[in-house]
Amino acid sequence: MATKSPVRTDKAPAPLQGAPYSQAIRYDDLVFVSGQLPLSPAGEVVGTTIEEQTDQVMKNIRAILETAGTRMDKLVKTTVFLTSHDDFAGMNTVYKKHVGVVPPARSMVAVKDFPRGVLVEIDAIAHL
């Protein structure tokens, strides 16, 4: 029987203001990573451009996946949330450098805004 267990690393930001969610959940052979903002592990906003912010988000996802026992080339699905469609090309340029030769399935959603005025959030699902 599969069990659900939280994934926690100090190499990625903790849930905002103690919110009731985990950085990720490992369930059976899958890892579900909560939406990551472009924050340092200490919780400070990193970068001002979409490229800088996307790079930090992907670094956070990488750190969480590695803690869970998997890696970026095992991503099967991501969802990208952007505050502007104009940032799609810049996000995509950085994103593709992180996801490997066989990129995961992906959705992109435009949103009104994020905490601290950041430009991007990405959640992810990977297998072990």
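Guide: What follows takes the strands, then the cores, of this predicted model.

Visitor: In which sense do strand β1 and strand β2 pair, and over how many bridges?

Guide: Two strands count as paired if there are at least two bridges between them. Here β1, residues 4-7, and β2, residues 24-27, pair in the antiparallel sense over 4 bridges.

Visitor: How many bridges join β2 and strand β3?

Guide: Their pairing has 4 bridges and is antiparallel, with β3 spanning residues 30-36. A24 stands opposite V33 in β3.

Visitor: How many residues lie between the strands in the hairpin of β2 and β3, and which one takes a positive phi?

Guide: The hairpin has 2 residues between its strands, and D28 takes a positive phi near 55 degrees.

Visitor: Which residues touch the most other members of the largest nonpolar core?

Guide: In soluble globular proteins, nonpolar side chains tend to be buried together. The largest nonpolar core here has 24 residues, and V33, I61, L65 and I122 touch the most other members. At least two residues of this core come from each of β3, α1 (50-68), β4 (75-82), α2 (88-98) and β6 (120-127). α1 gives the largest share, 7 residues.

Visitor: What is I61 in contact with, leaving aside its neighbours within four places in sequence?

Guide: With those neighbours set aside, I61 is in contact with V33, Q36, M72, I122 and A124. Another core, of 5 residues, lies apart from the largest one; L37, L39, F81 and V118 are among its members.

Key:
Residues numbered from 1 in each chain as written. Predicted model: local features only at pLDDT ≥ 70, side-chain atom pairs only at ≥ 80, totals over all residues. Heavy atoms only, no water. Core = buried A, V, L, I, M, F, W, Y, C linked by side-chain atoms within 4.5 Å. Buried < 20%, exposed > 50% of the residue type's maximum accessible area, 1.4 Å probe, protein only. Contact = heavy atoms within 4.5 Å.
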